[in-house]
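User: Hi! I am new to protein structures and would like to learn how the labels are given. Could you go through them with me?

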Amino acid sequence: MTIGLPVCFASMGADSIFGKFGIDWHLLLIQGVNFLFVTFILYRFAFRPIVKTLDARRAEIEAGLKYASDMKVELENLNSQREKIIGEAKMEASAIMVNAQQQAKDYSAQQQAEVTARLDSMVSRVKAEISAERDAVIEGAKNELKYLVIDVAAKVLEKALSQSDKDNFVNATNGVMQDILYAKKNK
């Protein structure tokens, strides 16, 4: 058909409609071929690589958007897991705090009981020591007082007392002193 077209145009001559408009069919044919050649070159070396690059970029953008969407879902999952872990950690920390407070109270009560027991023991021991010392002092005073009374009585009576007189006198003095001490304790 392309060969037939120039022949068709050649048969038309200068009197045809192309000749009336001043169109040279040879020039028109060459320009058409040039147009097709340039179109082919542009399509082959410019348009196809640009389309290929745009397709690659579109694919990258779609992959990036899908990756971002996946990451958003994963981030939401991680946030929910984080919140869950934080909640569990708070509950565990609260339980530990309550347990620690209870242990501190128990330990404080135990220490207070031990201190109270020690103080009671010390007070009892000190009371026993004071009582023993008081009894020893009283007993010593009694003995000294006995001999003092005997010496005074001997001097008053100016005679030497026999052992039985001394024993009678000591027993009488002990009775009097016990009455006096008993009366002091009951005051």
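Analyst: Happy to! Let us start with exposure: a residue is buried under 20% relative accessible area, exposed over 50%, and partly exposed in between (1.4 Å probe, protein chains only). This is a predicted model, where local features need pLDDT of at least 70, side-chain atom pairs count only at pLDDT 80 or more, and totals for chains, interfaces and linings use all residues. Residues are numbered from 1 along each chain as its sequence is written, and side-chain values use heavy atoms, with hydrogens and water left out.

User: Why is Glu-83 called partly exposed?

Analyst: Glu-83 has 47% relative accessibility, so it counts as partly exposed. Arg-82 gets that label too, with a relative accessible area of 42%.

User: Which residue forms a salt bridge with Asp-70?

Analyst: That is Lys-66, with the closest N and O atoms 3.3 Å apart. Asp-70 and Lys-66 lie four residues apart in helix α3 (residues 25-157), so about one helical turn separates them. A helix here is a DSSP run (H or I, at least four residues), a strand is a run of E (at least two), and both are numbered from the N terminus. The protein has four helices and zero strands.

User: Is Lys-66 buried or exposed?

Analyst: Lys-66 has 53% relative accessibility, so it counts as exposed. Asp-70, at 37%, counts as partly exposed.

User: What makes a nonpolar patch on the surface?

Analyst: Patches take residues with over 30% relative accessible area and no salt bridge; like charges are joined within 9 Å, nonpolar side chains (Val, Leu, Ile, Met, Phe, Trp, Tyr) within 5 Å. Phe-37, Val-38, Phe-40, Ile-41, Leu-42 and Phe-45 form such a patch. Phe-40 sits in helix α3 and is partly exposed at 49% relative accessibility.

Methods. A salt bridge is a side-chain nitrogen of Lys or Arg within 4 Å of a carboxyl oxygen of Asp or Glu. Accessible areas come from the Shrake-Rupley method with a 1.4 Å probe; for residues, only the protein chains shown count as cover.
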